[in-house]
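I am opening a notebook page for this structure. The entries record what I looked up and what came back.

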2 protein chains.
Amino acid sequence: MEKEITFRKATKKDLDCIVAMLADDMLGSKRERYEHPLPNSYIKAFEDITSDPNNELIVACDDNEVVGVQQITFTPYITHQGGWRATIEGVRTSSSVRGKGVGTKLIKWAIQRAKERGCHLVQLTTDKERSDALRFYERLGFKATHEGLKMKL
Amino acid sequence: MEKEITFRKATKKDLDCIVAMLADDMLGSKRERYEHPLPNSYIKAFEDITSDPNNELIVACDDNEVVGVQQITFTPYITHQGGWRATIEGVRTSSSVRGKGVGTKLIKWAIQRAKERGCHLVQLTTDKERSDALRFYERLGFKATHEGLKMKL
């Protein structure tokens, strides 16, 4: 029988595990610093996210083990007749559960949460280097209608 | 002599002019409702944006006339060692000033504001139907490294 994956807001105790997942990634390995103790910038970011009612850092759990993470940001816009949007970012799953549908469950959970929050749109960007990710999101019903542009400061 | 464009946070008095600009657009014309009185959803969104310290609705002014608008959202993330990002959205200029560089000034203003807020990245998505927009942002230094995916709810 397939074990049930549960979802909840991250706590500070999950942060080590979250950063480990972010660093265990083709792009994240170049830009994260998974060290002990964790760099203080991660702790500060965690506090900024969890104290903001329009940001939710969500973990997926397999029993008590954290096996996935995503951040959902809820934003009010004037466009689309003044509609709220949900933006999904930083989606990662543990290599221990890869291929077991945890990513799909995370995104479906985020879509449901966006509906609960009254959003008319859910959006995300994915690095063009992640060719599998684009197909993954398209299978879930996303349309790649936009270019995602970034500028490092 | 070129007149100076000034920038400030939008006030409720600017909302009519902002919605007029959003509606006077190849994509906006299909999805906005520029009516008098303005649909209440715009007023509610304006209040939600301006009461959130992580959202800024910015207008560009030529003398006292509002000739451009953009929304900047500041978001803390765990990724990139816990870095803040600025997201630019809903950039529009008045048809009365098109081709006069107001759009460029808006984006440069947003980049400067993102630096002031300590962001390590500024990002946006642009609809692939707006072929000129992609070149515009690339000229300003943005890189189209990501696919921008959307799902209507």
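**Ground rules.** I am working with a predicted model, in which local features need pLDDT of at least 70 and side-chain atom pairs count only at pLDDT 80 or more, while totals for chains, interfaces and linings use all residues. Residues are numbered from 1 along each chain as its sequence is written, chains are lettered from A and ligands numbered from 1 in the order in which they are written, and side-chain values use heavy atoms, with hydrogens and water left out.

**Entry 1, the two chains.** I superposed chain A on chain B; a rotation of 180° with 0.0 Å of shift along its axis does it, at RMSD 0.0 Å. This is how a two-fold axis relates two copies. Both copies use the same surface, since 100% of the contact residues of chain A recur in chain B.

Which residues of α3 (40–50) in chain B are buried? I find B:Y42, B:A45, B:F46, B:D48 and B:I49. Buried stands for under 20% relative accessible area, exposed for over 50% and partly exposed for what lies in between (1.4 Å probe, protein chains only). Helices (H or I, at least four residues) and strands (E, at least two) are DSSP runs, numbered from the N terminus. The five buried residues are on the same side of α3(B) because they cover an arc of only 165° around the axis; the arc is taken from the directions from the helix axis to the C-beta atoms. In chain A, the buried residues of α3(B) pack against β3 (65–76), α4 (79–82) and β4 (84–93). In chain B, their partners are α1 (15–23), β2 (55–62) and β3 (65–76).

A search of the whole structure returned six aromatic pairs over all chains. One of them is A:Y137 with A:F142, edge-to-face, at 5.8 Å centre to centre and 80° between the planes. Rings of Phe, Tyr and Trp (its six-membered ring) pair if their centres lie within 6.5 Å; planes under 30 degrees apart are stacked, over 60 edge-to-face, and the rest tilted. I checked burial for both: A:Y137 is buried at 8%, and A:F142 is buried at 2%.

Where does the charged end of B:R117 sit? It sits over the ring of B:F74, 4.0 Å from the centre. The charged end of B:R85 sits over the ring of B:Y77, 4.7 Å from the centre. For this, NZ of Lys or CZ of Arg must be within 6 Å of the ring centre and within 35 degrees of the ring normal.

How many salt bridges does the search find over all chains? The count is 24, each a side-chain nitrogen of Lys or Arg within 4 Å of a carboxyl oxygen of Asp or Glu.

- A:R85 and B:E89 meet at 3.3 Å, N to O. The pair crosses between chains, from β4 of chain A to β4 of chain B. A:R85 is buried at 3%, and B:E89 is buried at 13%.
- A:K128 and A:E147 meet at 2.7 Å, N to O. They are 19 residues apart, with A:K128 in the loop between β5 (121–127) and α6 (131–139) and A:E147 in β6 (143–152) of chain A. A:K128 is partly exposed at 38%, whereas A:E147 is buried at 14%.
- B:R92 and B:D25 meet at 3.7 Å, N to O. They are 67 residues apart, with B:R92 in β4 and B:D25 in the loop between α1 and α2 (28–31) of chain B. B:R92 is buried at 11%, and B:D25 is buried at 15%.

A:R113 is in helix α5 (102–116) of chain A and is buried at 16%. Not counting residues up to four places away in sequence, A:R113 touches A:E56, A:I72 and A:F74. A network of salt bridges links A:R113 with A:E56, A:E116 and A:R117.

Is B:G99 buried or exposed? B:G99 is exposed, at 80% relative accessibility, and lies in the loop between β4 and α5 (102–116) of chain B. From B:G99 to B:T50 I read 49 residues in sequence and 29 Å in space, C-alpha to C-alpha.

Key. Contact means heavy atoms within 4.5 Å. Copies are superposed by least squares on the C-alpha atoms of residues with pLDDT of at least 70 in both.
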